[in-house]
Amino acid sequence: MKAIVCEEFGPIDSLVYKEIDTPEPGKGEIRVKVKAAGVNFPDGLLVQGLYQVKPERPFIPGMEFCGEVEVLGEGVKHLKIGQRLICTSQSYGGFAEKAIVNSKLVMPITDDMSDVDAANIMCAHGTAHHALKQRARLKAGETLVVLGAAGGTGIAAVQIGKAMGAKVIAVCSSDEKLAIAKENGADELINYAENDLKASIKELTGGKGANVVYDPVGGEAFDACTRAMARNGRLLVIGFASGKIPGFPVNLALVKEYSVIGVFWGSFVMHEPMPFLQNMQELFAWYKEGKVSLVTDEVFPLSKTSDALAKVMNRKVKGKVVVVAE
Ligand SMILES: NC(=O)c1ccc[n+]([C@@H]2O[C@H](COP(=O)([O-])OP(=O)(O)OC[C@H]3O[C@@H](n4cnc5c(N)ncnc54)[C@H](OP(=O)(O)O)[C@@H]3O)[C@@H](O)[C@H]2O)c1
């Protein structure tokens with residue numbers, strides 16, 4: 001089978017598209033014929049050795065994908081050959097024609113969901129949902145500020161914030177990106193390349209500050225938000241797409257009685273499987289009702305996965321990119 005292989009940590013263009021032996025599933029595992037795989041910022045960090053998890057090399061990246069069951073391993077009784085499903089981030093291997101996964105970490109999907117949507121719903125929407133529901137406990141009527149609001153997790157946070165009844169302020173680096181955030185439900189828009197972020201949040205919240213900030217960007221944007229929180233606010237630490245992990249003067253949290261809250265969706269999936277499954281059911285219901293949707297910027301063939309990853313890491317993507325089997 002053909003696969004994208006990370007032979008050693010390094011630049012994205014050092015990934016190799018090559019023929020490798022087709023793997024066989026072990027006990028409790030299945031082999032999936034991969035139809036499409038979502039491309040995520042963490043995939044780009046992972047292959048460069050910059051992610052918090054460092055797999056043994058060589059490995060095949062690709063944290064979320066959809067496909068069809070091809071082979072059932074020993075003891076797997078609850079799935080059928082040919083069944084369509086999505087596979088969680090607990091296994092890598094999505095950027096390949098076939099992948100081995102734990103049969104307990106897959107979710108069957110219905111035929112009304114396309115391969116491209118199915119490949120993309122889990123990581124970004126799953127992260128934003130967990131962040132806003134379990135971590136921030138976002139309430140209807142609260143003000144939610146979303147940074148990087150046209151990015152993968154950002155658009156998801158805008159849609160899910162609206163589904164949960166919040167007033168959503170989208171923050172992006174260009175008017176073109178803000179237009180996408182608006183199409184996805186944002187109530188107010190801030191271009192933080194042109195405007196002072198702290199002052200803009202204060203202005204749009206009548207001086208009170210944000211109840212919840214969703215921050216996948218870090219750096220100076222995080223710093224600005226630490227000074228624009230409402231009393232009892234929750235500042236969600238999602239990621240550091242800017243490349244800068246900020247420090248934090250804790251007196252700011254004291255004065256406004258707000259919380260800085262870490263979010264690690266992969267850890268949630270591993271440690272809290274039941275709430276994870278309940279979240280996914282809620283997400284699928286919102287998808288069917290049209291409250292959440294997948295915004296796909298570009299579809300690449302599997303052999304061009306490096307180009308897809310480079311587009312994500314170079315701040316060029318609106319929504320998500322996907323790779324599909326050739
Ligand atoms: N905690 C978790 O469980 C979890 C799960 C998934 C992802 N993440 C992390 O969250 C972060 C964002 O992921 P994502 O999927 O939303 O990524 P994405 O689709 O690439 O979006 C990130 C956004 O960050 C902004 N940005 C600011 N400076 C940037 C820079 N120097 N390079 C690239 N983007 C920059 C961009 O928006 P503007 O141009 O509008 O500023 C971009 O749209 C990553 O650090 C990722 O590792 C965390």
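Select Gly218, which sits in the loop between strand 11 (210-215) and helix 7 (219-226). Helices (H or I, at least four residues) and strands (E, at least two) are DSSP runs, numbered from the N terminus. Residues are numbered from 1 along each chain as its sequence is written. This is a predicted model: local features need pLDDT of at least 70, side-chain atom pairs count only at pLDDT 80 or more, and totals for chains, interfaces and linings use all residues.

**Around Gly218**

Is Gly218 buried or exposed? Gly218 is buried, because 20 other C-beta atoms lie within 10 Å. The cut-offs are these: a residue is buried if 20 or more other C-beta atoms lie within 10 Å of its own, exposed if 12 or fewer, and partly exposed in between, with C-beta atoms placed from the backbone.

Gly218 and Gly239 are 21 residues apart in sequence, and their C-alpha atoms are 6.5 Å apart in space. Leaving out residues up to four places away in sequence, Gly218 touches Gly239, Phe240, Ala241, Ser242, Lys244, Ile245 and Pro246. Two residues are in contact if their C-beta atoms, placed from the backbone, lie within 7 Å.

**The ligand**

Select the ligand and the residues around it. How many residues surround the ligand? There are 30, and the closest are Gly148, Gly151, Gly152, Gly239 and Ala241. A residue is near a molecule or strand if its C-beta atom, placed from the backbone, lies within 6 Å of it.

Colour the shell by residue class: 17 of its residues are nonpolar, eleven polar and two charged. Ala, Val, Leu, Ile, Met, Phe, Trp, Tyr, Cys and Pro count as nonpolar, Asp, Glu, Lys and Arg as charged, and the others, Gly among them, as polar.

Next, show the helices. Helix 1 (41-47), helix 3 (123-135) and helix 4 (152-163) each give at least two residues to the shell around the ligand. At least three residues of the shell come from each of domain 1 (2-121 + 294-324) and domain 2 (124-264).

**The two domains**

Colour the chain by domain, with domain 1 covering 2-121 + 294-324 and domain 2 covering 124-264. Domain bounds come from an automatic or database domain assignment. Taken over C-alpha atoms, the centres of domain 1 and domain 2 are 29 Å apart. Where they meet, eight residues of domain 1 are in contact with eleven residues of domain 2. The side of domain 1 that touches domain 2 has four nonpolar, two polar and two charged residues.

**Stops in the loops**

Select Arg57 and Pro58, which are joined by a cis peptide bond with omega of about -5°. Pro58 is in the loop between helix 1 and strand 4 (64-72).

Lys54 is also placed in the loop between helix 1 and strand 4. Lys54 is exposed, because 11 other C-beta atoms lie within 10 Å. Draw a distance from Lys54 to Arg84: these residues are 30 apart in sequence and 30 Å apart in space, C-alpha to C-alpha.

Go to Glu257, in the loop between helix 8 (251-256) and strand 13 (259-262). Glu257 is not a glycine, yet its phi is positive, at about 50°. Glu257 counts as exposed, because it has 11 C-beta neighbours inside 10 Å.

Then select Arg315, in the loop between helix 11 (305-313) and strand 15 (320-324). Arg315 is a residue other than glycine with a positive phi, near 65°. With 13 C-beta neighbours inside 10 Å, Arg315 counts as partly exposed.

Finish the loops at Gly206, between helix 6 (197-204) and strand 11. Gly206 is exposed, with 8 other C-beta atoms within 10 Å.

**The whole chain**

Zoom out. The secondary structure of the chain amounts to eleven helices and 15 strands. Along its principal axes, the C-alpha trace spans about 60 × 40 × 35 Å. Of the 326 residues, 47% count as buried. Among contacts between residues at least 6 apart in sequence, 66% join residues at least 24 apart.

Last, colour by pLDDT, the predictor's confidence in each residue, from 0 to 100. The mean pLDDT of the chain is 96, and 99% of its residues reach 70 or more. Where is confidence lowest, and where is it highest? Confidence is lowest in helix 9 (residues 265-271), at a mean of 91, and highest in strand 8 (residues 143-147), at 99.
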